[in-house]
Amino acid sequence: MSINNLKIMSQMAIDKNVIGSIFDIYNILREDKQFNILKYIKMMRSFIKGEKLVKHEDKYILSTFLPPFPSKSFIQNVLAVHEPKNIFTKQIYADRTAPISMYLCITHKCPNNCVYCSAKSRQLGEELSKEQWIKVIQELQEMCTPIIGITGGEPMAREDIFDIVRSIDNRSTSILFTSGFNLSYEKAKKLKDSGLFGIGISLDSYEKDVHNKNRNNENAFDYAIEALRNANKAGLYVMAQTVILKENLDEEELFKLFKFAKDNGAHEVKILEPILSGNLLTQKQLSSVMYSESDREKLIKLQHKANKRSDLPKISTFAYTESELKFGCGAGNQHSYISASGELYPCDFVPMNFGNVKKESVKKLWIEMKNHIGKPKIGCFAQKVNREVFKQSEGILPLSKEKAINICNKNKSNRYPKYYRDLQ
């Protein structure tokens with residue numbers, strides 16, 4: 001265990017709120033005969049394995065896959081089951097009534113045209129109004145959805161963004177994902193005062209020209225750096241989100257990026273993998289872009305190495321968090337997405353339309369989708385099915401519900417990721 005984690009765990013051991021929350025969760029789970037103290041310890045160890053613990057204000061970030069701890073949203077995550085009976089068993093078989101995270105794309109508008117944008121080729125319907133989004137948020141919180149992400153497009157392009165964020169109470173942790181566009185200190189502070197916990201800001205390189213080229217916007221880098229600094233100053237938990245192409249998987253260069261991000265205000269760097277979606281679906285030469293299994297293994301080792309260093313921020317990667325070694329791919333089960341026009345997707349990168357929240361309740365649509373998706377998957381669902389999705393849609397996305405159900409039923413996983421298997 002790293003010196004950093006030992007230090008943070010020592011702080012947690014004497015934190016009254018942490019101790020109280022640990023007992024609260026224990027008391028919720030202990031009614032289940034499958035639960036015991038050894039499994040509780042194993043569960044907690046699984047959360048932090050390979051992670052760098054970070055304290056932000058009065059909260060601890062174990063993994064950004066989960067809500068901060070202790071918090072009401074962390075408790076809500078535990079309670080996201082059909083009834084308060086055999087809760088532990090339901091959780092370790094991913095039998096949930098809500099995803100761990102739901103991302104809301106509140107607008108299609110965006111100042112960038114990223115080379116790997118996942119939203120291309122999708123039909124753009126009328127965006128939900130502020131009132132409609134607030135109604136959706138209320139339903140999600142009643143379902144016990146512990147993390148609500150606000151994304152786009154560029155969410156800061158909406159003038160009513162503060163009202164939307166303010167509508168999320170402390171039953172859920174709210175996180176906003178932005179290119180950094182239009183994020184002055186005053187707006188960052190207003191977001192914080194409106195209840196926002198964290199913010200993910202796109203940063204692909206410490207080199208201005210590289211970032212701007214990826215985003216097809218000559219101002220993108222300046223927006224991102226200013227936004228990182230403003231968000232940190234405002235007291236938000238700041239994540240630099242970076243999409244690393246296969247050709248750029250170089251340890252020395254990545255460590256420079258990590259240090260650069262920290263120096264400009266990031267508490268964490270999240271490395272996202274290029275996904276076979278949007279713009280990339282129509283490209284044929286992807287050998288320098290898409291990862292192999294050995295590339296993911298290399299990135300996981302790099303994450304673990306970086307997280308032992310005190311001079312770098314917390315590093316998290318989809319390659320590890322969504323691998324078989326951890327929680328697996330949660331598309332449609334642990335994580336889901338609602339488009340700006342209201343269509344429910346399994347995730348941001350899987351353009352399958354399981355119904356519109358303008359017409360039916362989020363809960364009804366989500367439960368139905370989850371049943372077709374099945375358990376968390378071994379390997380990224382988008383990488384596996386999106387060529388077929390694009391083909392069956394004849395290039396007009398999202399795919400219809402009937403065709404989506406057929407693809408999901410043919411691609412159900414027959415094996416749980418390691419986190420679940422170990423507890424089962």
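**Terms and the values behind them**

Tutor: Please note that this is a predicted model. Helix α3 gives the most to the lining of the second largest pocket, contributing four residues.

Student: How is the lining of the second largest pocket divided by class?

Tutor: There are eight charged, six polar and five nonpolar residues.

Student: Why is glutamine 334 called buried?

Tutor: Buried means under 20% relative accessible area. Glutamine 334 has a relative accessibility of 1%, and therefore counts as buried. This residue is found in the loop between α13 (318-321) and β10 (335-338).

Student: What makes the pairing of glutamine 334 with tyrosine 420 a polar contact?

Tutor: The two side chains meet at 2.5 Å, and the cut-off for such a pair of N or O atoms is within 3.5 Å. The pair therefore qualifies as a polar contact. Beyond its neighbours within four places in sequence, glutamine 334 is in contact with residues including Phe65, Pro99, Cys329 and Tyr420.

Student: Why is glutamate 253 described as partly exposed?

Tutor: Glutamate 253, in helix α11 (residues 251-263), has a relative accessible area of 32%. Buried requires under 20% and exposed requires over 50%, so glutamate 253 is partly exposed.

Note on methods
Residues are numbered from 1 along each chain as its sequence is written. This is a predicted model: local features need pLDDT of at least 70, side-chain atom pairs count only at pLDDT 80 or more; totals for chains, interfaces and linings use all residues. Side-chain values use heavy atoms; hydrogens and water are left out. Helices (H or I, at least four residues) and strands (E, at least two) are DSSP runs, numbered from the N terminus. Ala, Val, Leu, Ile, Met, Phe, Trp, Tyr, Cys and Pro count as nonpolar, Asp, Glu, Lys and Arg as charged, and the others, Gly among them, as polar. Buried means under 20% relative accessible area, exposed over 50%, partly exposed in between (1.4 Å probe, protein chains only). A polar contact is a pair of N or O atoms within 3.5 Å; within protein, one must be able to donate a hydrogen and the other to accept it, and residues adjacent in sequence count only if both atoms are side-chain atoms. Contact means heavy atoms within 4.5 Å.
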